[in-house]
Structures are given as structure tokens and as C-alpha cells.
Amino acid sequence: MPVAAIVDNYRGERLDALANFHGNQILYLGWDHHLMFCSPVALPVPPDMPFGKVIGELMPGAFSLHPEFGQIDWSGVVWHLNGEPFTPDMDKGLAEQGIDHKSIVRFATPGLDGIGGSGS
Amino acid sequence: MTARKLNLKDKYRLLTRDLEWEYSYRDYEEIFKQESFEGIKITDWSKWEDPFRLTMDAYWKYQAEKEKKLYAIFDAFAQNNGQQNVADARYVNAIKLFLTGVSPLEYQAYNGFAHVGRQFGGVGARVACQMQSLDELRHVQTQIHAMSHYNKHFDGFQDFSHMHDRVWYLSVPKSFFDDARSAGPFEFMVAIGFSFEYVLTNLLFVPFMSGAAYNGDMATVTFGFSAQSDEARHMTLGLEIIKFMLEQHEDNVPIVQRWINKWLWRGYRVLTLVAMMMDYMLPNKVMSWQESFEVYFEEAASALFKDLARYGIKMPDYAATAIAEKEHLSHQAWSIFYNYGHAAAFHTWLPTEEEMDWLSEKYPNTFDKYYRPRYEQWRRMEEAGERYYNPTLPMLCQTCQIPMGFTDMDDPTLVSYRQSEYDGDRYNFCSDGCKDIFDFEPEKYVQSWLPVHQIYQGHCGGAEMEDVLGGYYRINLGTDNLDYKGSPDEARWNDWHGLETAEEKLKKAS
Ligand SMILES: [Fe+2]
Ligand SMILES: [Fe+2]
Ligand SMILES: [Zn+2]
């Protein structure tokens with residue numbers, strides 16, 4: 001029973017269907033142990049955007065206010081896609097490497113653990 | 001000779017149960033269409049025990065007395081410029097949150113009880129719901145009147161009902177009630193009558209009303225007193241509906257248990273706003289969120305669930321998560337609002353040194369370890385003239401619609417992520433509670449109106465943040481939003497009390 005309803009076979013409108021974002025998909029980005037950013041962020045992005053742009057453009061826009069941002073060694077970053085370990089391909093598009101609509105890309109930066117090591 | 005005056009018992013019977021009649025030319029199922037689709041089995045409505053024992057004429061008389069006293073105090077408050085005597089103008093932001101976030105829920109409760117007051121086959125339940133419906137209408141009206149005086153002297157009050165329907169953080173309480181009101185009548189009663197009015201109400205109203213008392217806000221305190229006897233009635237109705245359903249049929253037990261699990265979690269998530277109000281927004285603190293949670297939830301609920309055990313009802317599993325979160329909740333919530341203070345219709349600020357010390361004392365296991373360093377960093381940024389605001393919109397939970405600021409209680413420095421796939425799409429959640437609610441009824445929650453996604457779909461006034469915040473939300477930018485420091489509210493307050501801002505002092509000194 002996907003819903004308790006007065007009518008049979010009730011179907012809800014998918015408010016966040018991919019088609020509603022004018023050619024974009026939603027990408028969530030979260031920097032582990034850096035809760036000065038209170039939550040992961042949500043961004044509308046073209047599905048064929050190469051992952052290199054996530055690092056080159058989206059990350060600085062979202063996270064550069066953190067004093068540790070400039071110290072990130074991007075070659076040592078640990079990635080998760082929707083909870084699973086993941087190695088991004090910088091040149092391939094997002095959708096092409098399985099980063100689909102409303103996917104979560106998390107990254108951890110070993111050695112950088114937030115303000116004074118507090119996870120903030 | 002017949003008696004000219006009815007005795008109380010007869011009068012009560014005539015004005016409540018006797019309002020019912022036999023349905024002779026329509027089927028019962030046709031008249032009470034919504035009574036059975038949720039799976040709740042009622043075999044005998046006559047077993048319903050009327051919770052209120054009040055007739056309409058007595059009700060009007062009693063409420064009128066209370067109103068008279070209440071409005072006399074509002075008048076006195078206004079005449080004495082009560083707005084100048086609150087503890088500090090920062091306090092008023094708690095009231096802005098109440099008027100935009102909570103008062104419209106009273107109106108939703110009025111609508112909801114009026115609706116279910118038509119749906120039940122039992123006349124006793126119908127009369128009780130109608131009476132609560134009237135109470136709730138009275139609550140929204142008196143709250144608006146109590147707070148309207150502040151609207152003359154502070155920013156952010158002017159468009160509270162418009163904002164309730166649109167502003168991102170107000171979608172949290174709004175969607176909570178929309179969820180309850182679009183459920184069937186029995187679920188609504190478990191959601192609002194029992195979970196909210198019986199179990200959680202003290203966690204909402206006691207902090208706001210005692211907060212008002214501690215901070216010199218006589219108008220709001222007096223409203224609180226005036227609503228108290230109503231709330232006592234609402235609690236008896238909430239408990240009666242639960243016991244009635246459980247006693248009517250054993251098949252009702254698992255359904256009621258699932259609703260209790262769901263609605264205590266939904267309600268607890270809404271109370272996140274109360275947690276931060278208590279720990280961060282009251283200049284004179286009453287008690288910490290943790291303390292109030294221990295008294296009004298842990299102690300009270302464990303007694304209640306002991307009582308309900310004889311029906312086979314257990315404490316919801318999610319209670320363990322809520323208990324673990326009590327040392328984190330308010331800090332994570334205030335972090336969210338500090339991050340997005342440019343998008344809020346009230347002011348935010350950094351806790352002062354003394355306030356941080358109070359938080360360290362109240363939260364010895366968590367504040368210094370996880371949260372103080374964050375505030376110190378924000379302080380350094382503020383002192384450098386770069387007050388921190390998060391430049392990117394947050395990810396929201398599909399069910400509670402709160403930014404994903406809650407962390408894993410096994411590692412409080414990691415965001416708690418949950419995900420489901422349904423009909424080819426991904427859905428994301430802040431907790432097991434929110435995920436389970438979605439998984440059970442996905443066709444309901446695929447419809448969540450998530451403010452961030454709505455902005456990106458272009459439904460909120462435009463692509464620029466000014467269009468959304470100023471145009472669509474009707475926040476007066478630079479006036480209602482941003483930090484308390486430097487706000488017109490602060491300037492007026494300082495003017496009334498002959499105070500100087502830190503900035504002015506600095507200017508004079510140089
Ligand atoms: Fe109420
Ligand atoms: Fe109530
Ligand atoms: Zn949630």
C-alpha cells in the first residue's frame with residue numbers, strides 16, 4: 001500500500017521529477033567533518049557537466065569560506081557517491097559516471113578535521 | 001408542574017448526545033464516508049466517553065470571561081509601552097518565530113478539527129472535535145492580537161500568514177500540519193489530538209510561555225494562561241481517542257502504534273525550532289532544551305507508555321534517537337539559522353561570551369567539543385567584517401523538510417544521511433524516522449513541496465535571491481533579515497534605552 005487514500009490507486013505528483021528542472025539535475029555536495037556549513041548543499045547542474053568542474057567551480061563557490069579549504073589536497077580526497085566508495089573521473093560527465101538526479105557526493109579530507117579538529 | 005430549569009445531567013445529555021438522530025433514508029457508510037478507509041474498526045460508538053463534559057452555552061460563558069481579562073491586559077500592555085520592558089530586543093525574535101511558525105498551526109488545527117468533527121459516526125466524538133475546533137480558532141485570534149502590538153515597534157511581523165505559506169523554514173511546521181490534515185480522520189486525531197496535544201504540547205507551550213514570563217513579555221504570558229484550560233481539555237480528548245480505538249478492536253493496535261511512531265517523530269522534528277529558541281533566542285534563559293526534554297518528554301512519556309502497555313502499545317523506537325540528540329539539537333538548529341540568517345524573517349546572532357559559558361555548563365559533553373569552536377570561528381569572521389552567511393542553498397529532508405543539519409549520534413561530526421529509491425527516483429532523509437515515514441507511504445511524500453527545489457524549478461519569484469526573499473517571501477531585505485547587530489530593531493531598542501551600539505562606541509573613540 002503506497003498510500004492510505006479514499007480512492008483506489010492514488011498516485012502523487014512527482015514534484016521533483018528530473019523534467020521539472022529545466023535541463024538540470026540536482027546534485028548534493030557534503031564536506032565531511034566541516035559542519036561550519038550546517039548541512040550539505042543542493043545545486044542545479046547539467047547532467048553532462050564534467051566532474052572536474054565540480055572541483056574547479058562548484059566546490060569553491062560552496063566551501064571556500066572555510067579556512068581549511070585552501071589546504072585541501074584533492075588527490076588525497078576520499079569520495080562517496082550515495083553512501084558507496086567512489087572514484088570520480090574528472091573528464092567524464094556526471095550522469096555518465098552514475099551521478100544521477102538527487103545524488104549525494106560526499107568528500108572527506110584526511111588530516112583536515114574542521115576548526116581546531118572539532119568537525120566544524 | 002414541570003421544572004422550568006433542566007438539571008445539569010439532562011441538559012448535558014440534550015445538548016450533546018441527544019443531537020444525534022437515526023439515519024433512516026441514507027446508508028451509514030454514505031454519511032460517514034471516511035470512517036473506515038484507514039482500517040480502523042469501530043464496533044460501538046456508544047462506548048465513547050465524552051472528554052469535556054461541557055455544553056455550548058457554558059462554553060461561551062466561560063470563554064467570554066477569559067477573553068475579557070485577556071484583552072484588558074493587552075490594553076494595559078500597549079498603554080504602558082510594554083514593548084520597551086522586555087529583557088532585550090533579541091527576545092522579540094522568538095515571538096516572530098512563534099507568530100510565523102506556530103500561530104498559523106492553530107488555524108490549521110481549527111480547520112482540521114472542524115473537518116474530523118464531521119467524519120466520525122459517534123456524536124460524542126463529533127461534539128468534542130467541534131469544541132476543540134473553536135478553541136483553536138480562539139487561539140490563533142488571541143495570539144495575533146497579543147503580538148500585534150509588537151508589530152508596531154519591531155520588524156518581521158507584518159506578513160506572517162503569507163510567510164507561513166512560502167518561507168523555507170516555515171514549510172517545516174506547515175507541511176507537518178498539511179500531512180496531518182490530508183490523512184484520514186483517525187490518523188489526524190493520533191497526529192494532532194494525541195501526539196501533539198497530549199505528548200508534545202508541554203514541550204512547545206511551556207518553553208514559549210515561561211520564556212515570555214522570564215523575559216518581561218506579559219502579553220504572551222497572559223495568552224498562555226488563557227489557553228491553559230483549553231489545553232487541558234485537548235489533552236483529555238487526545239487520550240480518549242487513543243484508548244477508544246485500542247479498546248474497540250485488537251486489529252487497531254498495530255495501526256495506532258505505527259501512527260504514534262510516525263507522529264511523535266514528525267512532532268519532535270518540528271520542535272527543533274523550540275530547542276534553538278530556548279537555548280539561543282531567550283536573553284533570560286528558563287532551562288536548557290535538554291532539561292526540558294528530560295522533564296516533559298523522557299519522564300512524562302515513559303509514564304504514559306507504561307500506562308498504554310496494557311493495550312500492547314510500546315514507546316516508539318525513534319525515541320532513542322531523540323534522546324541521543326538532546327545534547328546536540330539546539331546547537332545544530334541555531335547553526336542552520338546562523339548559516340541562512342540572510343534568508344530568515346527574524347534576526348540571528350552569535351551567543352555572547354556569558355551565553356557560551358551557560359551553554360558549556362548546560363551541555364558539558366558536547367558544547368565545548370563540537371560547537372564552541374564553530375562560534376569562535378564565526379566570531380573571528382565577524383570581527384574581520386565578514387559576517388558568515390552560507391552562500392549556497394541547503395539540502396533538505398524529503399519528509400520533515402529541515403536542512404540536513406542533524407548528525408549521526410555515533411559520530412556527531414558526520415551528517416546523518418538516509419536514502420530510498422522509489423519508482424526510479426532517489427529520495428533523501430535526515431533520519432530513520434523520516435525515511436520510514438516515506439517508505440510506508442511514498443505516494444504521499446513524493447509530493448513534498450521542498451522550498452529549495454521549488455526555487456531551482458523557478459516557482460518562487462525568479463532566479464535571483466532578491467526575487468525569492470524580497471518578492472516571493474515578502475521579507476523586507478536589510479530590515480527583517482540579517483544579523484541582529486546592525487539591524488533597525490537594534491537601533492530602535494538602543495534609542496529607547498539610551499544605549500550605544502558597539503560600532504558607535506568605536507566611532508566615538510577613534
Ligand atoms: Fe491551540
Ligand atoms: Fe490545543
Ligand atoms: Zn527529516
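Figure 1. After helix 17 of chain B comes B:Gly385, which has a positive phi near 80°.

Figure 2. A polar atom of the B:Thr399 side chain lies 2.9 Å from the backbone oxygen of B:Cys434. When neighbours within four places in sequence are left aside, B:Thr399 is in contact with B:Arg266, B:Phe429, B:Cys434, B:Ile437 and B:Phe438. B:Cys434 is itself buried, at 0% relative accessibility, and B:Cys397 likewise has a relative accessible area of 0% and is buried. The count of disulfides over all chains is zero.

**Figure 3. Helix 8 of chain B.** Helix 8, which spans residues 171-181 of chain B, is mostly covered, eight of its eleven residues being buried. The buried residues of this helix are B:Ser171, B:Val172, B:Pro173, B:Ser175, B:Phe176, B:Phe177, B:Asp179 and B:Ala180.

Figure 4. Apart from its neighbours within four places in sequence, B:Gly82 is in contact with B:Phe77 and B:His149. Between B:Gly82 and B:Asn202 there are 120 residues of separation in sequence and 26 Å in space, from C-alpha to C-alpha. B:Arg53, in the loop between helix 2 (28-31) and helix 3 (56-79) of chain B, is by contrast exposed, with a relative accessible area of 54%, and has a positive phi of about 55° although this residue is not a glycine.

**Figure 5. The interface between chain A and chain B.** In the predicted assembly, 46 residues of chain A are in contact with 55 residues of chain B, and the two chains bury about 4,400 Å² between them, 57% of it on carbon and sulfur atoms. On the chain A side, A:Arg14, A:Leu35 and A:Cys38 lose the most area to chain B, together accounting for 14% of what that side buries. Between the chains there are 27 residue pairs in polar contact, with both residues at pLDDT 80 or more. Strand 1 (25-31), strand 2 (41-45), helix 1 (51-63) and strand 5 (103-108) of chain A each supply at least two residues of the side that touches chain B, and strand 2 gives the most, with four residues. Sorted by class, the side of chain A that touches chain B has 25 nonpolar, 13 polar and eight charged residues.

Figure 6. Chain A and chain B are linked by a count of four salt bridges. B:Asp423, in the loop between strand 1 (418-422) and strand 2 (425-429) of chain B, has a positive phi of about 50° although it is not a glycine. B:Asp423 forms a salt bridge with A:Arg11, in which the closest N and O atoms are 3.6 Å apart, and another with A:Arg14, in which they are 2.9 Å apart. A:Arg14 lies in the segment before strand 1 of chain A and B:Asp423 in a loop of chain B, so this second pair joins two chains. A:Arg14 is buried, with a relative accessible area of 12%, and forms a salt bridge with B:Glu443 as well, the closest N and O atoms being 2.8 Å apart. This pair also crosses between chains, with B:Glu443 in helix 19 (residues 442-445) of chain B, and B:Glu443 counts as buried at 5% relative accessibility.

**Figure 7. Salt bridges within chain B.** The whole structure holds 46 salt bridges over all chains. B:Glu421 and B:Arg426 form a salt bridge whose closest N and O atoms are 3.4 Å apart, in which B:Glu421 counts as exposed at 63% relative accessibility, whereas B:Arg426 counts as buried at 12%. Salt bridges with shared partners also join B:Lys66, B:Glu67, B:Asp135, B:Arg138, B:Asp230 and B:Arg233 into one network.

Terms used:
Residues numbered from 1 in each chain as written. Chains lettered and ligands numbered in written order. Predicted model: local features only at pLDDT ≥ 70, side-chain atom pairs only at ≥ 80, totals over all residues. Heavy atoms only, no water. Contact = heavy atoms within 4.5 Å. Buried area = accessible area lost by both parts, 1.4 Å probe. Salt bridge = Lys/Arg side-chain N within 4 Å of Asp/Glu carboxyl O. Polar contact = N/O pair within 3.5 Å; in protein donor to acceptor, adjacent residues only side chain to side chain. Nonpolar A, V, L, I, M, F, W, Y, C, P; charged D, E, K, R; others polar. Disulfide = S-S within 2.5 Å. Buried < 20%, exposed > 50% of the residue type's maximum accessible area, 1.4 Å probe, protein only.
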